[in-house]
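Visitor: I have some questions about this one. Can we go through it together?
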Amino acid sequence: MAVNYTKKVMEHLANPRNVGEIPGADGVGTVGNPVCGDVMSIYIKVGGGRITDIKFKTYGCGAAIATSSIITELAKGKTIEEAVKISVNDVAGELGGLPPVKMHCSNLAADALHAAIKDYQERRK
Amino acid sequence: MGRIYLDHAATTPVDPRVLEAMQPFFSEKFGNASSLHSEGTEAAEALEKSRETVAGALGAKPDEVVFTSGGSESDNLAIKGFAYANRKKGNRIVTSAIEHPAVLNTCRYLEKNGFRVTYVPVGRNGIVDLNALEKAVTEETILVSIMHANNEIGTIQPLGKISEIAKRRGVALHTDAVQTFGKIETDADKLGADLLSLSGHKIYGPKGVGALFVRKGTVLEPLIHGGEHEKGLRAGTENVAGIAGLAEATRICAKEMNGEAARETRLRDRLLKGILETPGSWLNGHRTKRLPNNANFSFRHVEGESLVLYLDMKGIAASTGSACSSLKLEPSHVLRAIGLTPEEAHGSLRLTLGRATTAKDIETVLEIIPGEVEKLRKISPMAGMSALEKKRLEKQPHGHGRHGKACD
């Protein structure tokens, strides 16, 4: 089935930002399921309550890669309090919308970021 | 750089000779083949000439060919038409697990209407399990429907042996030959088929036209009721231009088949050799019993849709059995049936060659694909993931679940 992606989705797919891992990250979140064809890992470095660095690795469709890329841009430089509030709709909205069947990718990206933040918070306890 | 189209199993461009053959039947020779006047006669003559050509390619008689709107309609007419006309004889149908959705979903529809369907498994190489088939055909079986070659992995089924099994029990055989007609020999007698579906747009003909071979004596119930067109089997004013196009496409294929099959096989084999040098890649389907133009690979740790999009950006048109863009979110039933895990099935890439494909195209593709696979592997977390972590994720509920649809 053909999928119509926005220019912004295609641009992020062609040039994904912040790809990779952060050695010694302060928080790591991995979500998704290989059986379903998408897995995302997000790595964060936190300093002074802010996300100073963020990287991702994603196995998945075009939307999965684009949503991971955009969420790293949205979260970079934000305070933890601000980053926790980044939602599914923020991700899809920033990309100029996603086809309905691809909305779950937006979910995943938000879940991965939130999982990384949770990991960071638990490590601090 | 020009585009390289390697998705001929999806559709093909209309051959200029076909377009030329169709042209007169739009404005100039526009008659209705049912009309008595000269315009009507002219259309009827074109229709019958086309029927002879298509029948010729099947080793059939002209009155054994019914024109339809395409492969899906032919499959529907064959299976539902046969089931409804013969339900007094029994209510069982036997098919395979790797059929095209036009066959599978027609069978599922019949299951909701009192028929019982057995889906025979295939081996790792995509060939139908003949022992299982033999067991599945029982006293109540009225029809066996097994495709000639698979649209995804290109595997060619041993129809001769399959028809022997069906014949021994006096059961009719339907075959979906949409992927083979015009590409390899499809003589209905040699295949032992009583019903055979074919399509125009897979063989450089127009979309929206196809045919069903109906062996003399095979009784069908029509699906479209109306006038007495196509011997009452398919009502509706005939698509004369489309049918003339299908006939011309058939004529060209028959003439060029042997040379073209050999040429595409050579290019395909070069493609296989080159691609399979990529680490973590393998071929899906039988190595030799496959369509001359079909190659289907899996790449570990890479998801098919993103690979297709990356290739598209590089000017290559390909396809995948990954289902990330389909509503059901399950990877190809064909790749699952040959024993691939869902993850392996998500990483598939189908390349199907055609008349326009050149040796240079293949070399270009071989230069591009490994690099694009590598790019995606660099983005993918799967390569470095521990088995333990993978297990944890496989047990995780997934984003898809939120939409009321569980994955797999």
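Guide: Let's begin with a salt bridge. The side chains of A:K102 and B:E305 pair up, N to O, at 2.5 Å. Keep in mind that this is a predicted model.

Visitor: Where do A:K102 and B:E305 sit?

Guide: The pair crosses between chains. A:K102 is in the loop between α4 (88-94) and α5 of chain A. B:E305 is in helix α9 (residues 304-313) of chain B.

Visitor: Are A:K102 and B:E305 buried or exposed?

Guide: Both A:K102 and B:E305 are buried.

Visitor: How many salt bridges are there between chain A and chain B?

Guide: The count between chain A and chain B is 1 salt bridge. Over all chains, the structure holds 33.

Visitor: And how many residue pairs are in polar contact between chain A and chain B?

Guide: 13 residue pairs, with both residues at pLDDT 80 or more.

Visitor: Which elements of chain A supply the side that touches chain B?

Guide: α1 (7-14), β1 (27-33), β2 (38-47), β3 (50-59), α2 and α5 (103-124) of chain A each supply at least two residues. The largest share, 5 residues, comes from α5(A). By class, that side of chain A has 21 nonpolar, 10 polar and 4 charged residues.

Visitor: How much area do chain A and chain B bury between them?

Guide: About 2900 Å², with 64% of it on carbon and sulfur atoms. In chain A, the residues that lose the most area to chain B are A:V35, A:C36 and A:Y59. Together they make up 22% of what that side buries. The contact takes 35 residues from chain A and 35 residues from chain B.

Visitor: Switching to chain B. What domains is it divided into?

Guide: Domain 1 covers 16-253 and domain 2 covers 257-382. Their centres, taken over C-alpha atoms, are 28 Å apart.

Visitor: What area is buried between domain 1 and domain 2 of chain B?

Guide: About 2100 Å², of which carbon and sulfur atoms give 57%. B:R124, B:E152 and B:I153 supply 33% of the area that domain 1 buries against domain 2, more than any other three residues.

Visitor: How many salt bridges between those two domains of chain B?

Guide: The count is 0 salt bridges. Polar contacts are another matter: 12 residue pairs across that interface, both residues at pLDDT 80 or more. The side of domain 1 that touches domain 2 has 13 nonpolar, 10 polar and 6 charged residues.

Visitor: Which residue forms a salt bridge with B:D194?

Guide: B:R215, with the closest N and O atoms 3.4 Å apart. B:R215 lies in the loop between β8 (210-214) and α8 (240-275) of chain B, and B:D194 in the loop between α7 (188-191) and β7 (195-199), so the pair ties together parts 21 residues apart in sequence. B:R215 is partly exposed, at 22% relative accessible area. B:D194 counts as buried, at 15% relative accessibility.

Visitor: Which residues are joined into one network by salt bridges that share partners?

Guide: B:D15, B:R17, B:E256 and B:R355.

Visitor: Last topic, A:T67. Where is its place in chain A?

Guide: In helix α2 (residues 62-75). A:T67 is buried, with a relative accessible area of 0%.

Visitor: What is A:T67 in contact with, leaving aside its neighbours within four places in sequence?

Guide: A:M40, A:V91, A:L95, A:L98, A:C105, A:S106 and A:A109. A polar atom of the A:T67 side chain also lies 3.0 Å from the backbone oxygen of A:A64.

Terms used
Residues numbered from 1 in each chain as written. Chains lettered and ligands numbered in written order. Predicted model: local features only at pLDDT ≥ 70, side-chain atom pairs only at ≥ 80, totals over all residues. Heavy atoms only, no water. Domains from an automatic or database assignment. Buried area = accessible area lost by both parts, 1.4 Å probe. Salt bridge = Lys/Arg side-chain N within 4 Å of Asp/Glu carboxyl O. Polar contact = N/O pair within 3.5 Å; in protein donor to acceptor, adjacent residues only side chain to side chain. Nonpolar A, V, L, I, M, F, W, Y, C, P; charged D, E, K, R; others polar. Helix = DSSP H or I, 4+ residues; strand = E, 2+ residues; numbered from the N terminus. Buried < 20%, exposed > 50% of the residue type's maximum accessible area, 1.4 Å probe, protein only. Contact = heavy atoms within 4.5 Å.
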